[in-house]
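The exercises below are meant to be worked with the sequence and the model side by side.

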Amino acid sequence: MPVLTIQPSGKTIEAATGSSILSAMLAAGSDIGHKCEGKGECDSCHISVLEGRKSLSKTQRLENERLDTIVGVGSKSRLACQALFGEEDVTVEIPTI
Ligand code: FES
């Protein structure tokens, strides 16, 4: 079972393989935006993946198109609702911009 670590707090959450980062964070009471309820249609769940990126599901066209519209997006950026856990632990940070 992969473990999600949220920086800078260091909070850890056990997650199920195949579940999204967003669902794991919401289940644990973490404060993360989700205006479109996980449909990949907004940018409120934007996160930076610091570790474990290769274990996550690949980005799809919808996510890539949405990420292209976000100011401050970087190579570590993902939408938490579209990134599904694999088998490895993942560390993320919620950007402040
Ligand atoms: S909750 Fe809207 S894109 Fe993720």
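**Exercise 1. The fold as a whole**

What share of the contacts in the protein with a separation of 6 or more is accounted for by residues 24 or more positions apart? Then describe the order of the elements and the overall dimensions of the protein.

Solution. Bear in mind throughout that this is a predicted model. Among contacts with a separation of 6 or more, 65% are between residues 24 or more positions apart. Next, list the secondary structure, which comes to 2 helices and 5 strands, and read it from the N terminus, where the order is β-β-α-β-α-β-β. The radius of gyration is 12 Å, close to the 13 Å that the globule rule gives for 97 residues, so the protein is as compact as a globular protein of that length. Along the principal axes, the C-alpha atoms fill a box of roughly 30 × 25 × 25 Å.

**Exercise 2. Backbone details in the loops**

Find the cis peptide bond between Gln 7 and Pro 8, and the residue other than glycine with a positive phi near 60°, and place each of them in the chain.

Solution. Begin with the bond from Gln 7 to Pro 8, which is cis with omega near 10°. Pro 8 belongs to the loop between strand E1 (3-7) and strand E2 (11-14). The positive phi, near 60°, is that of Glu 37, a residue in the loop between helix H1 (21-27) and strand E3 (46-51). Glu 37 has a relative accessibility of 60% and therefore counts as exposed, the cut-off being over 50%.

**Exercise 3. A loop residue and its neighbours**

Is Ser 20 buried or exposed, and which residues does Ser 20 touch beyond four places away in sequence?

Solution. First place Ser 20, which lies in the loop between E2 and H1. Its relative accessible area is 12%, and because buried means under 20%, Ser 20 is buried. Leaving out residues up to four places away in sequence, the contacts of Ser 20 are with Ala 80, Cys 81, Ala 83, Leu 84 and Phe 85.

**Exercise 4. Charged pairs**

How many salt bridges does the protein have? Identify the partners, and state where each pair lies and how far it is covered.

Solution. Side chains of opposite charge can pair when their charged atoms come close. The count comes to 2 salt bridges.

- In one of them, Glu 65 pairs with Arg 61, with the closest N and O atoms 3.0 Å apart. Both residues lie in helix H2 (residues 61-67), 4 residues apart, which is about one turn of the helix. Glu 65 is partly exposed at a relative accessible area of 42%, whereas Arg 61, at 65% relative accessibility, counts as exposed.
- In the other, Glu 63 pairs with Arg 78, and the closest N and O atoms are 2.8 Å apart. This pair links distant parts of the chain, with Glu 63 in helix H2 and Arg 78 in strand E4 (residues 77-79), 15 residues apart. Both Glu 63 and Arg 78 are buried.

How values were computed
Residues are numbered from 1 along each chain as its sequence is written. This is a predicted model: local features need pLDDT of at least 70, side-chain atom pairs count only at pLDDT 80 or more; totals for chains, interfaces and linings use all residues. Side-chain values use heavy atoms; hydrogens and water are left out. Buried means under 20% relative accessible area, exposed over 50%, partly exposed in between (1.4 Å probe, protein chains only). Contact means heavy atoms within 4.5 Å. A salt bridge is a side-chain nitrogen of Lys or Arg within 4 Å of a carboxyl oxygen of Asp or Glu. The radius of gyration is taken over C-alpha atoms; the globule rule is 2.2 Å times the number of residues to the power 0.38.
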